[in-house]
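Let's take a walk through some helices and the space beside them.

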Amino acid sequence: MDGFIKSAENNRVNRFPLISVIVPIYNSEEYLTECLDSIVKQTYQNLEIILVDDGSDDGSCSICDEYSLRDSRIRVIHQNNMGVSAARNRGVKEAKGAYIIFIDSDDYIDRSMIEKLYLNLKKNQADMSMCDVISFDDKSRKFTQAKIIPDETIGADTALTRILDNNNWCYVVAWNKLYKRNLWKNLRYPIGKIHEDEAVIHHLLGQCKRIALISEPLYFYRKTTGSIMNSAYSIKRCDRYLAYADRALYFERTNRNDLMMKTIDVYWYNYINEYLQFINDPDRKRLHDLKKSLWRMYPLLVRTGHVAGWKDNMSILIFMVNPRIYKKIFR
């Protein structure tokens, strides 16, 4: 009788496609058990759970190995510390599922999240589905729903318009979404950068015919003092300008001119002022990358009239050659 029940359960599970759950992990031992428990107890059972230990030097490594012994769906990958982008990329490379979902290791999810995202995606014949988010303070445990994602199905252009509004951060983040695996065929996160979600989301949404949305908050985002969203402003935060530049050029290539113009406005409004703020920062590699992004953007800025006339052109060329001379002349 037990064998019959087990066989019936296996048949029920196998009717649903394999979903790859990718969890990048770095020094998360304080929260990791809560995160992993919320994944292994999902109502959707046909999962491969890929834990990418990105060089943790706390107890996270042992917790991952312990869970893999308990649950055959869990696979642990240990690698040297290279950052969240590299960890997610490794998970995507190893994934065998028809769908992919990312969960950050200090967060947790509603036990029905994966099932609801999958059913909504299938019901609406979508390429991606996403849900609303509850954020909570790690110390006070005060919970706040974002109330950003409505119940509807939208096209790529609508979704791309929404990511231009900073208040619509739930459309940008990686971890409240279920993706068809083929969206990642030629796409990876930029290694060594923050704002990595900003750098890829337009490429993902641009491939979608439909995106299915759920207003129910199924993802629980933990606000910690070390998180990017809550960290002090530094030159690292300027990585967003690299993402904006790539986004503007992407919109130009895909003939989304209105979105291109709006993105340039966002990119151009504070770019030079923020660069000059960090002109003496020891992170020379980031400063070089930021200036290189302006070289890429310059022809587009001219074509769209954001740089017009010989004075504008001269000032930008001086900036690109030597920002310090620009600062002395124009600031």
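A crossing of two helices is called left-handed if the near helix is turned anticlockwise from the far one by less than a right angle, and right-handed if it is turned clockwise. Helices here are DSSP runs of H or I with at least four residues (strands would be E runs of at least two), numbered from the N terminus. What you're looking at is a predicted model, where local features need pLDDT of at least 70 and side-chain atom pairs count only at pLDDT 80 or more, while totals for chains, interfaces and linings use all residues. Residues are numbered from 1 along each chain as its sequence is written, and side-chain values use heavy atoms, with hydrogens and water left out.

Two packed helices are described by the angle between their axes and the distance between the axes. Axes are lines fitted to C-alpha atoms, for helices over the stretch in contact, and angles run from 0 to 180 degrees between N-to-C directions. Under 35 degrees counts as roughly parallel, over 145 as roughly antiparallel, 65 to 115 as roughly perpendicular, and the rest as oblique.

Start with α7 (residues 196-206) and α8 (residues 239-253): their axes come within 8 Å and cross at roughly 20°. That makes α7 roughly parallel to α8, and α7 passes α8 in a right-handed crossing.

Now hop to α10 (284-303) and α11 (residues 309-321), whose axes come within 10 Å and cross at roughly 165°. α10 and α11 are therefore roughly antiparallel to each other, and this crossing is left-handed. The residues touching here include W295 and Y298 of α10 plus I316 and F319 of α11. Sorted by class, they are nine nonpolar, one polar and one charged. (Ala, Val, Leu, Ile, Met, Phe, Trp, Tyr, Cys and Pro count as nonpolar, Asp, Glu, Lys and Arg as charged, and the others, Gly among them, as polar.)

How values were computed. Contact = heavy atoms within 4.5 Å.
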